[in-house]
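Have a look at the sequence and the model first, then try each task before reading its solution.

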Amino acid sequence: MTTREAVNPRQILTPVALHILLSLADGERHGYGIKLEVEDRTRGSLTLGPATLYEAIHRMEKAGWIEVTDPPPNESPGRGNHRKYYCLTTEGRRQLHAELHRLNEIVRFAKSKKLFSESRPS
Amino acid sequence: MPPNRRERLGIRLVGFVLRFFPDDFRRNHASELFEFIEAERLRLGGAGPVARLLFWPRILVDTVRTCLRLRADGATHLLGRPRGGRIRARGQPLASVWSDLRYAWRALRAAPVFSCVVVVTLGLGIGMNTAIFSAVNAVLLQPLPYDRPETLVSIAARYVSDDVDYTHFAGRDLISMKERVAGLAELAAVTPIRQNLTGSETPEQVRVGWVSTNLFQLLGVTPSFGRGFVDGDPPGTAMLSYELWQRGFGGDDVLGTTVQLDGYPYNIVGIMPRGFQLRHRLLPAQLDIWKVPDTWWQNGDIWGAEGVEYSILRGFGRMAPGSSIEALRESMRQVAADLRQRVPAYAEAGLDFVVEPLHDGVVHEVRGTLLLLFAAVGFVLLIACANVMNLMLVRSQSRSGELALRVALGCSRLRVIQLLLAESFMLAVGGTVLGLGLGRAGSRFLQWVNLGSAGPPDFSSDGTVLAFAAGVCVLCILLFGLVPALGASRGAGNRPLAAVRGGAGIARQRLNRTLVVAQIALSIVLLTGAGLLTASLVALHKIQPGFDYHGLLTFTVSLPGTRYERPLETDAFLQRLEERIETLPGVASVGVIWPMPLTGRSWSSVYMAGRVDEGARAYAGYRVGTPSMFETLGIRPLDGATFGSRDPLEVVVVSKSVAERAWPGQRAVGKTLTADPWGGGFRSFEVIGVVDDVKFGDLRLPAEETLYFDSKGWSWTDWEMNVAVRTEGSPESLIPAIRAELLTLDPEIPIADAQSMDSYVTQLMGTNRLALFLLGCFAGVALVLAGIGLYGVMSYTVNQRQRELGIRLALGSERRDILALVLGHGLVLTVAGVALGLVGAVLLTRFLENLLVETTATDPATFVAVTFLLLTTGLTACYVPARRATRVNVAHVLRPE
């Protein structure tokens, strides 16, 4: 975790972008799959509307953070023949790490001020 | 779970918003987005009522917001802004628009009467336009519901020498076209017949279409159930319309079973989609059963018959890729030329083929009326806009002080225009919303009265209609908003503040007056149109068709060729039918005739006789009937006898016009004429009687030359024969008794199309009456609007001139003089408008000509009446302000300020 110089403190990801990148961190997913995973992980506190989701996907694709990939072999094509699967690019992974690093810095700082205890999520 | 109506609307709305997304977004993600929505929709099944209620609004809001975000900045939106959002700088256009709109809203709320008058006026104008446009859109602009409808053509024959414009052709002709015309990828034909659906408790007469097996493939229509026809399907294969399937079979599974037509079984292989119609100028809107041609007509070789008498087909073609309609017409001309060389009868008749885009043929009858009405509502909208513009001018006048102050304080002219346009925008949007509501009601009404005779498609407001209304709204803003705004902004800067409160600018007064004159002129044009149509309708009612249709009941029966040997058995049946019905109480007489006058069916062919021989052949309407048809229909005998005991195969009764043309100045009775009523070649007939002319087809056209043949020996099968019953009471009340009589004669022959002739005549005048009614409404609204406009301008002028009028009174003018002064002023405007309008009317009413009956497009009586009406309206509108002018309080207006 020594990429400090790569992180621009002015540059923070929007929550939507962060969660989409997080969701793709452990493998490829299709758009609706991303939405379900985010909803599940945040226990419903972040629900993505269809247009919002695809807007972010659209922008990330253009920025080169994610790209379309083949569906996983065990997935049957079925009726979802329009479904495209997305995965992180190297640049996307770098952006995610930078953001996580930034958040981590903040958390460390907050802890040093004894603002919250580590044991219990607020 | 398929989407319900609300959900379909939601999906359509999302689709609509998506149109405004950037192209690459739509290309890459639109289908995924819809799948997302579909997955969510299906998941919604288990959700609570609130979640369901909010589902579509949430999705829509999300879509609209995303669209705005994507459109607002091209930059990446993945990164947040650590220093908080930028605040828009003051004076940026968007912020000022918002504040202008709020300001305009408050200003309009402060003047509720003004706002309501404007919104209602615009609402009326836009509503009428939307309603008529929805009809224009549904009937004229929407493509036919077939595959690639723009490449479909209809094919018909015409006989140039015999003056027949549009008619059927024969099976051999179709084969020739198939072989010779490269521009046609596919070709199919249909002929409608009448048969009786039997095998159930109450038999029903149905319309049956004999079709080429490739017809539905050609149209690109697939059946809802079962299969379509394929090459090699034997006679006896049939498909049902969805409607008959529901009505006659209760929607049961009938595939693979049989349907009985006149006692013969037909295998049902498919059901056509709901609402499917075969649209063609020469076809009834609804056919119930489709089948492969039977063997009992021309031994089943419907495609091998040739000649005028076997011309029973209506053609449909699909143009080959890359071919044009002109090229197609050229090759068809070639085919016709070859046929004329080969078949002498074709050469005599002057056979040619008519190829036109299918859509043109379908809308051919209503196009004129619709475009006329569309033009008329356009006029109403212009008048409405002129009215609103006048009101806006007056209003901006009263605000000129405020505007001058703004300019003095450094407000740019652009900002003043923007402020005034904001007001126009609000009013126009209000008017459009009201107009859409009115338009919806109006289009429902039009659909109800069935504008567009051949079963019009759905008139519902769709995207095109909405876009049209939005376009009209923008047009209104520009029309009534921009001109006053430009004027006001110009005036505001140039004059010192103090001077602004005085009289109106000369230029603006001139604009006011010009608008009023224009309004009056437009109203005159509309009123003249309405007046001419009224005159026509009155004339139409006065036309004598040559027979007495009051108290006449008519119905049809169709005898199956499979059970009735023609002619002996069919003759006998008709005779027994006449005898049975005659004995019913309330029946005066009964006759059989085909085709019945005014029912829209016709049958014409050539004849040669007397003087006619010397020149070209003559074309006459052929009628066949029983001897009692003349008495029953009330056709007046003029000379000789009608059919009696003579051999019916050798005699003919002719109409007066035939006698006058063939044997001018001589007695026709006893002469001979040559005709070919049965297709077996020409033969001689002796004229035994002359009867009065009868209008069999269009009441608006002169009576057709007619030959009457005795049906004895010639009555048909598988065709509707019209039975006419002269009744003494109400015609319709006899229907049950006649039905019962018919069932005792033959339980498998139903009565069909039972109707009184009076209602036929009413239907016949329907299009004219509807056009008249609508045009009358539009003209009425126009007159009222023009009156209001004139009244508004006169009141305003009187207010402006109060001081001048006060001085006149103080200097000794009589109140009578003041009245005359103001009235004279109004009269000048009115007369100017009337004069302009009359010129316009003379130029424009000629487009009405084909709707007019025995009335010329420049009918003097109508023009005088309309002029009088408008002058009266004008004077009334001026009188009230003029009276007020005479009551000016001299002391009050002359008091120093």
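Which residue stands opposite Thr674(B) in β18(B)? It's Met608(B). Before we go on: this is a predicted model, where local features need pLDDT of at least 70, side-chain atom pairs count only at pLDDT 80 or more, and totals for chains, interfaces and linings use all residues. Residues are numbered from 1 along each chain as its sequence is written, while chains are lettered from A and ligands numbered from 1 in the order in which they are written.

**Exercise 1.** Find the strands that pair with β18(B).

Step 1. Strands are DSSP runs of E, at least two residues, numbered from the N terminus; β18(B) covers residues 672-675.

Step 2. Two strands pair if DSSP finds at least two bridges between them. Three bridges join β14(B), residues 604-609, to β18(B), and this pair runs antiparallel.

Step 3. On to β19(B), residues 683-691: four bridges join β18(B) to it, again antiparallel. Here Thr672(B) stands opposite Glu686(B).

**Exercise 2.** Work out how helices α24(B) and α25(B) are arranged.

Step 1. Helices are DSSP runs of H or I, at least four residues; α24(B) spans residues 815-844 and α25(B) residues 860-886.

Step 2. Their axes (lines fitted to C-alpha atoms over the stretch in contact) come within 8 Å and cross at roughly 150°, with angles running from 0 to 180 degrees between N-to-C directions.

Step 3. The two helices are therefore roughly antiparallel to each other, a label for angles over 145 degrees.

How values were computed. Buried ≥ 20, exposed ≤ 12 C-beta atoms within 10 Å, placed from the backbone. Parallel < 35°, antiparallel > 145°, perpendicular 65-115°, else oblique.
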